[in-house]
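Please look over the sequence and the fold before reading on.

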Amino acid sequence: MDQLAYVFSHDMVNSTTIRLLLLGVIEQATRHSVGCEGFLGWWPREDENIPSGISEGYSRLLNLLLQKPRHDVASLATFVLHRLRFYEVASRYESAVLSILGGLSTDSKVTADTSNMLISAKSQLKKLLKLINARGPIEDPSPVSCASRSLVLVQTEGLLSYKATSSFIASSNCCFLNSDIDWHLLSLLKERGFLPLSAALLSSSILRSDVGDAMDIYLDIASSIGAIILSLLFCRSGLIFLLHHSELSATLLRALRGVVDISKEECVPLRYASILMSKGFACGPQEVATIVEMHLRVANAIDRLLTSNPHSEEFLWVLWELCGLSRSDCGRQALLVLGFFPEAVSVLIEALHSAKELEPVTKNSGASPLNLAILHSAAEIFEVLVTDSTAFSLGSWIGHARELHKALHSSSPGSNKKDAPTRLLEWIDAGVVYHKNGVIGLLRYAAVLASGGDAHLTSTSILVSDMMDVENGTGEPSSGSDFNVMENLVKIITEKSFDGVTLRDCSIAQLTTALRILAFISENSTVAAALYDEGALMVIYAILVNCRFMLERSSNSYDYLVDDVTECNSSSDLLLERNREQSLVDLLVPSLVLLITILQKLQQGNEQHKNTKLMNALLRLHREVSPKLAACAADLSSSYPNSALGFGGVCHLVVSALAFWPIYGWTPGLFHSLLASVQTTSILALGPKETCSLLCLLNDLFPEEGVWHWRNGMPLLSALKTIAIGSLLGPQKERQVDWYLEPGHLEKLLSQLRPHLDKIAQIIHHYAISALIVIQDMLRVLIIRIACLKPENASVLLRPILSWIRIRVFDSSYPSEMDVYKVHRFLDFLACLLEHPCAKALLLKEGVPEILREALEKCLDACDADGKLILDDVNSAKCGFTLTGWCLPVFKSISLLCSSRTPLQYSGRHDLYKFEDLSSEDCLLIAPYILKFCQVLPVGKELVFCLTAFKELVSCNGGQKALVSTVCNTRSTLEELDSGGRHERNGNLSLLNEFEWRKNPPLFCCWTKLLESIDSKDGLSTYAIEAVSALSLGSLRFCVDGKSLNLDAVVALKYLFGLADDDKSGTEGFSEENINYIQKLATVLNSNINDEYDFSANPDIQTTLSQLNYVNEQIAKIDPCQLSPWPSDDMGLVLSADIFHGISYALLSL
């Protein structure tokens, strides 16, 4: 192997033939581990450790590739390099896992070395997943090769015949990873012990029971192993690999499943799980195990199907098993592996002939029960394959369309029942037309169905292909009347009265297959151009209008809930209606994909396109679909939200099609058409559908904001729309659908939108007080997405809201009930907006801290010294909104503004973070209000929010300094008053009434309230526990600066708890009493938790306590006497140690 590598390194081979011969020898050798290790320079290896240094053989092959050799040489060299890299990563993973298992067996715990090895194993798994997914043929990038791949070879049947274009289905991007993995890669993976080592790692009880960073790494490793196993299910070789090593696979599945098992009906399907994991969402190891188990059961059944007698009971039992698996979403997708086995497809086609073969026909039944059962079961299984939306599934049966038609038509002639054979006939009808009349004939067939007319059909037949000679096709139109089809369609859709027609269920199925075929083959530019010339846009327009018409007339389940007059249909009617909606979605997806493809080809010709009707049809369709998406998003109880994914995919595709108008300057203007009717005085004219559609459309026009960066409340639709297109069409098509999100296109979108920002701002201002969570989510997502691209544009969107709030909170008069409600809703909207880190800089720049301070001032005006509501506010309280209720969103906003969480760094947007920190001046204005509310608020939700704001405020550097400054200023005032001096109270210092502060120190007053609440007959409450946690942790954070104590903060904290360190305050003997109160709370809390109360019936308290476990562990490690500097000779600081221990003990009690 060294000699082969040496030959390449010294330019000794100039002949392409010899290079190919040598590369072939290396390829043959690297099929085995010994050949890989020899070429990498590892042979011989004494143990599992990987030798250090650079592989000369690998480097020489890489240098050969960098010389840009001929494509066949480069392709083979790339193939070998990929295999070598794969072997290296698999070997490093093996080494890391062996080291981990050895360390765990020796130490029985996760040590630092073991943790490092876990990180290494996690890294190798991620590399391994990328290498497995980087499979498939290596295409020649030269212009000549690219042109030849798009060339349609002329066939005797015609340029656009089935034979000339059917190969484009297999090359379509509407698919998942279906290319086979090299068998030798899988063999190398087995040699390196991937399956047993992964099972051993996942089964480790020590790793399963660990906490902290080790547990996080372990979960990442489990997720990566699951993703690798799932990737093997997307191809025949990977599935057979798992099947051939059944014992190892079963061991790994048991390790993934653990002690928890899930219902197969609740398990998500393969594609959905794969997209979830690729987007960073969670898919549990138990679900991965169930998915793999389901696929292996299908593969085993296929194996038995191939070895059984086609007309035996054994054969029927296998068919029934497959039919049973198809009852769940996961099982239906598992059944699609039939496409990996053409021999199994052929066996099923033979089974469709069973109703008329072998066994005698009786006079009454017409066929034997056994053969009829085989026929219906095989048809039901085939229906799963035929109705799938991907190009791979279509390609697996389209070549058999004529044979299928013949088998089904002869087995159940003239059947009008909606049984499986009849449904299957409807689905394959378009495939037969495609075989007979090619692309153009298929388009005209779709035009007939889209027009809603059955003029060419007999009363006894529902299939267009029934009137065709399916055996003898020429690829040309069968009669001159076919040329009039498009003209008739034009006449129909150009009539002013055309508003859509109701399509029959069979027409929807036939159209769906036809549009899928056209969408997949239209990725070829020649086919796309021909479809455009033949009027494909008119057919698509008719389909869009018809689908919108039918969706508009479908029942709205919301009406049944709120309207007593409306009569609710039966459950079966509602179920049929939902199925019909799903069938319309299945038709819309390929129709919109075809539309986008044709528009892209049209744009590449630099043609200006003017089509007002098409754009309006898209907008009206979006207006019908987006509210249904919003309704689905409000109830995502299902583990696999199929309907929501469908509606989300349609909305996304509609936006992708509409984006051509603003980006390429087509007329009419998109934003003008959307907002022309919206005036400042007529926003109420926007109905629920129009509002939902407008916001959903604007959101989809801009890049996803980073769903993982929402702090607590991820918007309902964000995650759903992130995975919709990928789940329906595959990741490759998803990238094509998102063509408009490229940087250059986004600049054009923003420039087109800029003149309309004021109108959108008024809409946001009007709907920000909406109680509908979905609308609120759409508003904040829109603002954040625009802020990520252009902060000044987002500022324009927020100014009407901020201006309105500013006027009300700065008004000295008492607000009306309506204003109280609206301010509360607006403040809550701003707090929800701050859940995303990008909003922090935006709101700080707009002066929100000043608004928050004034809002707190208003809240204080509504409270007396005991924290009770004043009488004027009672009426508002009856409505559920009080002026004091403003403090909830205000404190939440303060917490988020002070949060030290690092925001996502958007590339090229450094100006977003010029104002990312709350300034010391702002903290100085806010801190006194927080201390005052600690005194006046009773134990409850408001106090929890206040103390959480205190905790976050003192955790940031500016907040800590501001609170120290506030306390020091107040202390100086007290000293001046005690010495007989005069002091003018000003600004916020008046909030801390000096004499009241001396009598009721803020934090001590709050502490005693919590003590009274916990020690009362009512017992513990979730709010009391959360409040104690926030106050204790906030006090500790205030004192500790890094790894040392902040002495100024310690002194300030003592004053806030009423613990004086000198005689000037006149509180001799008071400090010891306060310390006793502090320690008493900890004692009472610990006693209640351990002895008196059973929290099993209160999940809220259980959740709160579990969330504090990590805090307790950290506090347990702190000894205040070991923190430096801690001047032990200063007796005044002994009180500081006492309070520190008391607060720590309170936390530890939790």
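What follows is a short walk through selected helices and their contacts.

This is a predicted model, in which local features need pLDDT of at least 70 and side-chain atom pairs count only at pLDDT 80 or more, while totals for chains, interfaces and linings use all residues. Residues are numbered from 1 along each chain as its sequence is written, and side-chain values use heavy atoms, with hydrogens and water left out.

Helices here are DSSP runs (H or I, at least four residues), numbered from the N terminus. Helix 42 covers residues 817-833, and its 17 residues should span 24 Å at 1.5 Å a residue, the expected span being 1.5 Å times one less than the number of residues; the end C-alpha atoms are 24 Å apart, which agrees. Of these 17 residues, 12 are buried, that is, under 20% relative accessible area with a 1.4 Å probe and protein chains only. Among them are Asp819, Arg825, Phe826 and Leu833. The buried residues pack against several helices, including helix 41 (791-810) and helix 43 (838-845), where contact means heavy atoms within 4.5 Å.

Helix 43 also meets helix 40: Ile783, Ile784, Ala787 and Cys788 in helix 40 touch Cys838, Ala839 and Leu842 in helix 43. The residues of this contact divide into seven nonpolar, no polar and no charged, with Ala, Val, Leu, Ile, Met, Phe, Trp, Tyr, Cys and Pro counted as nonpolar, Asp, Glu, Lys and Arg as charged, and the others, Gly among them, as polar. The axes, which are lines fitted to C-alpha atoms over the stretch in contact, come within 9 Å and cross at roughly 85 degrees; helix 40 and helix 43 are therefore roughly perpendicular, a term for angles of 65 to 115 degrees.

Finally, leucine 1056 lies in helix 53 (residues 1047-1056) and is buried, with a relative accessible area of 0%.

Technical notes:
Helix = DSSP H or I, 4+ residues; strand = E, 2+ residues; numbered from the N terminus. Buried < 20%, exposed > 50% of the residue type's maximum accessible area, 1.4 Å probe, protein only. Axes fitted to C-alpha atoms, helices over the stretch in contact; angles between N-to-C directions. Parallel < 35°, antiparallel > 145°, perpendicular 65-115°, else oblique.
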